[in-house]
Amino acid sequence: MSSAVPPSSSSVRRRRRPNRLWVRLGRIPLMPMALCLLCGLGSVQMLFHMGNGIYRSVTWEQETRQTQAENAHLRQEIQILNDAKAQLNNPEYLEQQARCWGYVGRDEKVLVVQNAPAKVGSNCDEYRLP
């Protein structure tokens with residue numbers, strides 16, 4: 001049996017071993033990892049901007065519809081005011097408005113009905129006039 005004799009420490013030169021961290025980093029492909037990280041961040045940023053654009057578009061559409069409805073309502077009120085201004089000196093119009101508000105002429109008799117509406121002028125269209 002032959003046994004192998006280990007060489008003495010003086011005969012073997014110690015080789016300097018590289019740092020383990022650098023060995024591990026040398027095995028990892030850093031450039032593709034950085035590229036993947038940047039692509040991922042870009043994708044997240046793109047999705048954020050797309051979502052923000054969609055949210056702003058939907059909000060703008062709702063506000064536009066709301067403003068258009070308000071404008072239509074204001075135009076209707078302007079028309080009512082212009083009609084009232086044009087009829088201001090018309091005696092028939094004034095008599096009709098007085099009847100709607102519950103006024104009775106001097107020569108007329110008042111007839112009270114038990115099931116009459118509680119609101120005075122409920123048989124006429126009501127318009128808010130300033």
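**Exercise 1. Determine how many salt bridges the model holds and which residues they join.**

Solution. With a salt bridge taken as a side-chain nitrogen of Lys or Arg within 4 Å of a carboxyl oxygen of Asp or Glu, the count comes to 2 salt bridges. The model is a predicted one, in which local features need pLDDT of at least 70 and side-chain atom pairs count only at pLDDT 80 or more, while totals for chains, interfaces and linings use all residues. Residues are numbered from 1 along each chain as its sequence is written, and side-chain values use heavy atoms, with hydrogens and water left out.

Step 1. Glu95 pairs with Arg99, and the closest N and O atoms of this salt bridge are 3.5 Å apart. Both Glu95 and Arg99 belong to helix 3, where they are 4 residues apart, about one turn of the helix.

Step 2. Arg99 also meets Glu108 through a side-chain salt bridge, at 2.3 Å from N to O. Through shared partners, the salt bridges join Glu95, Arg99 and Glu108 into one network.

Step 3. To place these residues relative to the surface, take buried as under 20% relative accessible area, exposed as over 50%, and partly exposed as in between (1.4 Å probe, protein chains only). Glu95 is partly exposed at 43%, Arg99 is partly exposed at 40%, and Glu108 is partly exposed at 35%.

**Exercise 2. Describe the helices of the protein and the confidence assigned to them.**

Solution. Helices (H or I, at least four residues) and strands (E, at least two) are DSSP runs numbered from the N terminus. On that basis the protein has 3 helices and 0 strands, and along the sequence the pattern reads α-α-α.

The predictor's confidence in each residue, pLDDT, runs from 0 to 100; its average over the protein is 81, and 72% of the residues score at least 70. Confidence is lowest in helix 1 (residues 20-27), with a mean of 68, and highest in helix 2, with a mean of 94.

**Exercise 3. Work out which residues of helix 3 are buried, and how they are arranged around its axis.**

Solution. Within helix 3 (residues 91-100), the buried residues are Tyr93, Gln97 and Cys100. Viewed down the helix axis, the buried residues fall within an arc of 60 degrees, so they line one face of helix 3; the arc is that of the directions from the helix axis to the C-beta atoms. Helix 2 is included in what covers these buried residues, contact being heavy atoms within 4.5 Å.

On the other side of helix 3, Pro91 and Glu92 are exposed. Leu94 also lies in helix 3, and Leu94 is partly exposed, with a relative accessible area of 41%. The C-alpha atoms of Leu94 and Ala84, which are 10 residues apart along the chain, are separated by 9.8 Å.
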